[in-house]
Structure formats: structure tokens, C-alpha cells
Amino acid sequence: MVSVFHGLVVVLLSLAALLTTNVLFYLYLERLQQPGHQPPAAAAGCEARHFKTTTMKECSPWLSCAHIRSQVRQLKLIGQGAMKQVYLAEWRGQKVALSTLMSLEYLDDFIHGLSMLQALQGPLVVQLVGFCLEDNTLVTEFHPFRSLLNLERVLAQERYRQQNTWQVRLLLAVDYVSILHFLHNSPVGRRVMCDSNSLEKTLSQFLLTSDFHLVVNDLEALPEVDPSRGLLAKCGHRELTGDFVAPEQLWPHRNQGVAFSDDLMPEYDERTDIWKIPDVTRFLIGRVPGGDLVHFHLFSIYEQCKNRDPERRPSALEVLKVYKQVYSSIARDGSFRDTL
């Protein structure tokens, strides 16, 4: 009798947890769809809640729990973090990425990331293929080059060396700034890339596509900011250090010997993303012929991005315009050829 009662309690607790997960998710979606917010966007050429990978001829509805359980086959583990495991998987002959939540401790982050994926679908965001809240899984399009951390390794391969040019690399930087501009002006509010407290962590948030473009992939840490409503953000609850993060993200009393306090730490807005643009761009440009000339033309906008006063930094759109102008100018004027 005791064992039966214990089993019943376990079942009831499991059902309660599942119900809570679904309620939280749908409440979140309802909030996103309030007046002023747009419904989930669609993949290019598809209606809302549909997807079409680069190897598909027709659009397909997002996969449901039943589809994922019966049609998606795990192949191998390709990534793992504190929150989730990522598997290379297969669906109807298509390679996809299957992500599974590892701990309920990160359930809120997982739900937030899924909600952002739904709301922000478009050419700058990895395609959502399907999800199952009951199993805490989601499926996205698979990109063989995987994260932007692999850029140098990919371009070092013989078959891709012709892509290792300042043109391709600068266009990757254009993609990066375009994504920031999109997130800062998204259909679900102004969003900050909080999971970007180091260069390596920032690069891991982006996927490199087979045609050498970028899409943003990890959206679990995208708080909304709106200074006009007093809505600001803090990226985590621990003290941040180093030169990569913006000055306003550092504990302001560190030189006075005052211990860090999350409660006293000031909040900030999306201009922390702008501060990081030059460092990410330097990585993207790498060491290729013409790279020094690109940096020379971008020197002024780099300095503006690195202004210690957030109010005086340019917007992502202003940076994007400069990047496009520099690309066009060098390509048109043959400035690179003149330096050979």
C-alpha cells in the first residue's frame, strides 16, 4: 500500500510539473502577443509556424511532440552546456539539431529561449523546426560548420581557402552587426545579448552557415530593455570582470575595496552590445591580406563604440551603415589593390 501511494505521489508531482511548464510557456507567449507585439514570424517563403531548410523544396509545419518522438532520430552528441545537450539528429533524411534540457533548474531560461525562437524567426535567426514542451526538447536547422568559434578551422580547410578573404570576413561582420540591429529593434521589444561576457561566449551564440553567413542561435538570455519605461537589465547576478564587457557592466566600487553586491549593481541597456563590436570584428577579420586596411577604415567607428559613456556610443544601425560603406568603398575604389 505504501509503495502504491508513493508511486501515485510521484505521478501527481510529475503531472503538476508538466502542467506548470505548459502554463508558464503559454503565459509567456500570451505576453509576447499583447498589443504592440507581432505574432511569430515565418521562415522565408513559408507561412507562420512553418519551416524550410536549405535542402527542402517545400515548407513544413513545426514538428509536434508526436513527430519528434517518432520521426526524429538521434545520431550523436555534438554539444553540451550547463543547460542543455545538443545532438545531431535526422528527420526524413534532413540533418537537424535536437536540443534537450538537462536540468529543470534552467527551465525558465529554456522556455524563454524557445519563446524568442518562435517570435524572432527570420533570415538572421536559426530556423525552428519543432519543439515538445512535455519532453523539454526543441529541434532547429543543423549547420555543419556549427558555431562561429570554428571560423578559423573552417577557412583553413583547402576547399574553403578561397573564402578566406577580407570581403567574406567583413560581410560576416556585417551579418553580426545586422543581428544586433535586429535584436535591438525586434518585434518583441529591444533585446540585449546577455550571454556575451567573453569573446568566446559571444562567438558561441552564432552559427556559421554553409554559404558563409551568420545566424544567431542561443536566445535564452535576451532580456528586454526600454529606458523610457525604466526597464533595464543586468546580465547575471555575479560580478563581471575584464576588458571585453562594457564599463557599465563592471562593479563601480571595485577600486574602493567594496565587496560586490548584486542588489547595488546598476542596470544597463543594449549599448553594452555596441561596446563589444570592435573586439568581435577583429576576430572576424582575422589576419588576411587587406585586413589592416579594413581596420584602418573602421578605426573611427571602433573608437565611437568604445566610448566609456554609453550615451555617446552609436546605435547598431549607425555601425551597420559604416560597415556597409567601408565594404563598398574598398571594393569600388580598389583601395586594397593600391596597397599591394
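User: How do you know which features count here?
Analyst: The model is predicted, so local features need pLDDT of at least 70 and side-chain atom pairs count only at pLDDT 80 or more, while totals for chains, interfaces and linings use all residues. Residues are numbered from 1 along each chain as its sequence is written, and side-chain values use heavy atoms, with hydrogens and water left out.

User: Why is the link between C46 and C59 called a disulfide?
Analyst: A disulfide is a pair of cysteine sulfur atoms within 2.5 Å. The S to S distance of C46 and C59 is 2.0 Å, so the pair qualifies.

User: What makes the handedness of C46 and C59 what it is?
Analyst: The torsion about their S-S bond is about -85 degrees, so this disulfide is left-handed.

User: Why is C46 called buried?
Analyst: Buried means under 20% relative accessible area, exposed over 50%, and partly exposed in between (1.4 Å probe, protein chains only). C46 has 11% relative accessibility, so C46 is buried.

User: Is C59 buried, exposed or partly exposed, and why?
Analyst: The relative accessible area of C59 is 31%, so C59 is partly exposed.

User: What makes the disulfide of C65 and C132 right-handed?
Analyst: Its torsion about the S-S bond is about 100 degrees, hence the right-handed label.

User: How do you know that C194 and C235 are joined?
Analyst: Their sulfur atoms are 2.0 Å apart, and they form a disulfide. C194 is buried at 8% relative accessibility, and C235 is buried at 7%.
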